[in-house]
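Here is a short tour for a reader meeting this structure for the first time. Keep the sequence and the view side by side while reading.

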Amino acid sequence: MKLMLYYNVTAEEALDHLKSSPGGLSHAEAARRQMRYGKNELVLKGEPLWRKLLTPFLDVFMAVLFIAAIISVVHHAVMDAAIIIAIIVVSAIIYYVQQFSTERILRSLRKKNNQKVSVMRSDSIIMLDVSELVPGDIIFCHEGDKVPADLRLIEVNGLKIDESVLTGESVAVDKTTRTIKGVKEVYERTNTAFQGSFIIGGSAKGLVTGTGNDTEFGHIAALAEQSRGQSPVQAKIDKLLRFIIAGVSVLAIVAFILSMIRGTELTEALRFVIALSVSAVPESLPVAISVVLVLGMRRMAIKKALVRTMHTIETIGIVTTIATDKTGTLTKNQLSVQEVWQLPGSHAHLASTAHRSINHHETKHHDPLDVAMSEYTSSEKVEFLKGEPLSKLPFDQGHAMSGNIWHHDNAYYLNVKGAPEGILDRSDLTEGERAQADHALHSLTSMGYRVVALATTKVSTPIASFDHLQRRHTFNFVGFVAVADTLRPEAKRAIASAIRAGITVRMITGDHFETAYQIGRTLGLVSTRDQVFDSRLMNHMSDSELKKAIERSLIFSRVIPENKFRLLSILKETNITAMTGDGVNDVPALTKAHVGISMGSGSQIAKDASDIILLDDNFRSIIAAIKEGRTMFSNIRRMLFYLLSTNTGEALTMVGALALGMPVPLAPVQILWINLVTDTAMVIPLGLEPGEKDVMNRGPVRPSSPILSWYMIGRIVLVAVTMAIVALFFYAHFAALYGHAYGQTIAFSALAVMQWANAFNARSTYESVFSRLKTWNGPFYAGLAAAVLLQLLALFGPLSGVLHISPVSASDLLVTTAGSFALLILIVEVHKSIGRRLFK
């Protein structure tokens, strides 16, 4: 049935096509249609339960850990396998708990819809829940109602509808029942009312043409039913892990060959290689990242940004483009008077005329124009006529005006507001005054304002409609009132912050070209009209042509939902994109973007489709989220650097011993201790490191960049080689003097100490470790204290026997500790110094 363009046919033809009648459907027919079409409820397709349960396990790292656990079982290393499996389970539990917490908050945000509507059924008007509506029903709507389904209007009485949730335009639409020819966009279908829009004036009788997902809302939702796939950061980590797997494989092969050359028995050689491979995997990384991301989500929630998935906070940190909706995001979705104009020398009081022309009853139902003018007249603090007007004339499409009749000074006065051209044509202006008014009108409209004309006239008796005025009746022109959507005061500063951070901000709006340009110029987005693109041209452009237009444009005007979807598709090819919006018209783009950001006061379907919900509707919170995300991304890099350099150092120590023909300098349980105790104590605190001062004054990470630069990979190699050389040197020196057990204990201690030093190195990429000490990180020092305490327990406490610790001289321990710590700090300081000269 929806193939029919109901706005192209008369109301009678629409009734006939839907096999309905002026008396409505029979109860039996309505029941049959309910079975056929289902409930009048909008459903956004979500992930199935099995997918939600498997999500925390579906990445490369988890696959590596599963393989490591299996290898450990085959190797009879039950303790290793149990620890790895525990890590997998804990990581999954953290994911499930966070998802449950987020969904609980979302459920509390959902407003229950108990809307009832008057429906004509079997020639009688009854009240029904909106979910019971079916195509072919005839319903009645009034001021303040939310339109419950798509309607072909049959009768209207001064009907005005706010469709901003669907089209993004703040100005209410005047509706008629007249047939429209040709294919029209949503905002041009003046004989149709759309599900989810609001009636702010008048009343209507309408024929239900679509319900549930078979509405304009539903069509938009259908565009949203596509998975975003893997997050960009996770893709970068998985790519790195594939390289790590390849590197570990090469290392294992080299170790196996060296073992066989040394004459090691085959079974023992395989055991050693398997143990080496498992130890090279940074097992604590998944839990560390999960804990750090969850804590980051908590911090964002305090800042009124609800992050729905853990990986979102990673992705927001590498966003390169924000495609922002205008209405409700950069603006308050609230009209306000920006300018007024009167003829020079005019004695008419504009504020009084404005007060007498507005419908104060409609201000209670949130007619944006009447509310704006009411607020303006209140601020002028002038004497107003008391009481109610004698007669209210609703907006008349033919005359393009509305007004009120007041009685004062023993006369009747009609005060009107309406389209400037129509009122000017009927006003008693001289040729010179008309020229002045036309010039002022052009000036105001060129600034992007919606302009309303005000006028008064004396009538002999109260009238019921404008048709009762004589055709030649003239008005006394009073002036113009220019209104526009009110910008959020913090929006301009937030946009400037984004631009300083190297992020491109693009505004997407349903407004006219000139209005969009003026708003963009006020916000500091654009300086010339060449940077504004009229999206109606998109239908005649290929993807390659549109791509070129997008590259040079920062504002897109006259955008419809399908346009947003296509725009985001092209932007995603070369950018990490964030899309902001609050209406149903934003849903396809919200789901298409890498990060969808909705407003807490927006439509429920927009919130369901988004990754981040701004509970305070504040665009500035997006910048706070990006700052938090950048800090998190930097911290993930810190954790990766720390774990990969230390684990590689341990592996190189073992392989180096084989290559040099030395005994193994570390017992397997000592490797496990370093991996799980020392690593874990320091890696999570590194993930909580405060952001660097210039985090929002440098450009974002390029989408094609790896998660670790070659510069950082070079540092990993440098640290790992240094750790291996130092550990092997200390082992060889002290083993030669005091025996294998003594040398092994010194090497074990030196490796642990170098991990502490490396944790200090990991706190910054370029900043000196000494200047970084000024930045306090409580969890870091708590983790360091725990690591030192546990290491002392390992060396001198009851664990020494389990860890094969041999008594050693305090002086030897002190010298090797100081030497190991200082050497690793010094080498990385040199590397940072080189990096500062080359890259900063």
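Start with arginine 33, which is found in helix H2. The model is a predicted one. Is arginine 33 buried or exposed? Its relative accessibility is 6%, under the 20% cut-off, so arginine 33 counts as buried. Leaving aside neighbours within four places in sequence, arginine 33 is in contact with Leu18, Lys19, Leu25, Gly38, Val134, Pro135 and Gly136.

Lysine 19 is found in the loop between helix H1 (11-17) and helix H2 (27-37). Lysine 19 counts as exposed, because its relative accessibility is 66%. Its phi is near 55°, a positive value in a residue other than glycine. Alanine 400 also is not a glycine, and its phi is positive at about 55°. Alanine 400 lies in the loop between strand S11 (391-396) and strand S12 (401-408).

**The whole chain**

Now step back. The secondary structure of the protein chain comes to 29 helices and 21 strands. The chain has 840 residues, and 57% of them count as buried. Take the contacts between residues at least 6 apart in sequence: 74% of these join residues at least 24 apart. The chain exposes about 35,900 Å², and carbon and sulfur atoms supply 60% of that area.

**Helix H29**

Helix H29 covers residues 810-839, 30 residues in total. From its first C-alpha to its last it reaches 43 Å. That is close to the 44 Å expected at 1.5 Å a residue. Which residues of H29 are buried? They are Asp812, Leu813, Thr816, Ser820, Leu824, Ile825, Val828, Glu829, His831, Lys832 and Gly835. These buried residues pack against four helices: H25 (710-738), H26 (740-762), H27 (769-772) and H28 (778-796).

**Aromatic rings**

A pair of aromatic rings is described by the distance of the centres and the angle of the planes. The count here comes to 15 aromatic pairs. Two of them are set out below.

| Pair | Centre to centre | Angle between planes | Arrangement |
|---|---|---|---|
| Tryptophan 341 and phenylalanine 480 | 5.6 Å | 25° | stacked |
| Phenylalanine 760 and phenylalanine 821 | 5.9 Å | 75° | edge-to-face |

Consider the stacked pair. Tryptophan 341 lies in strand S10 (residues 331-341) and phenylalanine 480 in strand S15 (residues 476-487), so the pair ties together parts 139 residues apart in sequence. Phenylalanine 480 is buried, because its relative accessible area is 0%.

Phenylalanine 821 counts as partly exposed, at 28% relative accessibility.

Some rings gather in a group. Phe729, Phe730, Phe734, Tyr738 and Tyr742 form one aromatic cluster.

**Charges over rings**

Arginines also meet aromatic rings. Arginine 558 lies over the face of tyrosine 187, at 4.3 Å from the ring centre. The charged end of arginine 763 sits over the ring of phenylalanine 780, 5.1 Å from its centre.

Technical notes:
Residues are numbered from 1 along each chain as its sequence is written. This is a predicted model: local features need pLDDT of at least 70, side-chain atom pairs count only at pLDDT 80 or more; totals for chains, interfaces and linings use all residues. Side-chain values use heavy atoms; hydrogens and water are left out. Helices (H or I, at least four residues) and strands (E, at least two) are DSSP runs, numbered from the N terminus. The expected span of a helix is 1.5 Å times one less than its number of residues. Buried means under 20% relative accessible area, exposed over 50%, partly exposed in between (1.4 Å probe, protein chains only). Contact means heavy atoms within 4.5 Å. Rings of Phe, Tyr and Trp (its six-membered ring) pair if their centres lie within 6.5 Å; planes under 30 degrees apart count as stacked, over 60 as edge-to-face and the rest as tilted. A charge sits over a ring if NZ of Lys or CZ of Arg is within 6 Å of the ring centre and within 35 degrees of the ring normal. Accessible areas come from the Shrake-Rupley method with a 1.4 Å probe; for residues, only the protein chains shown count as cover.
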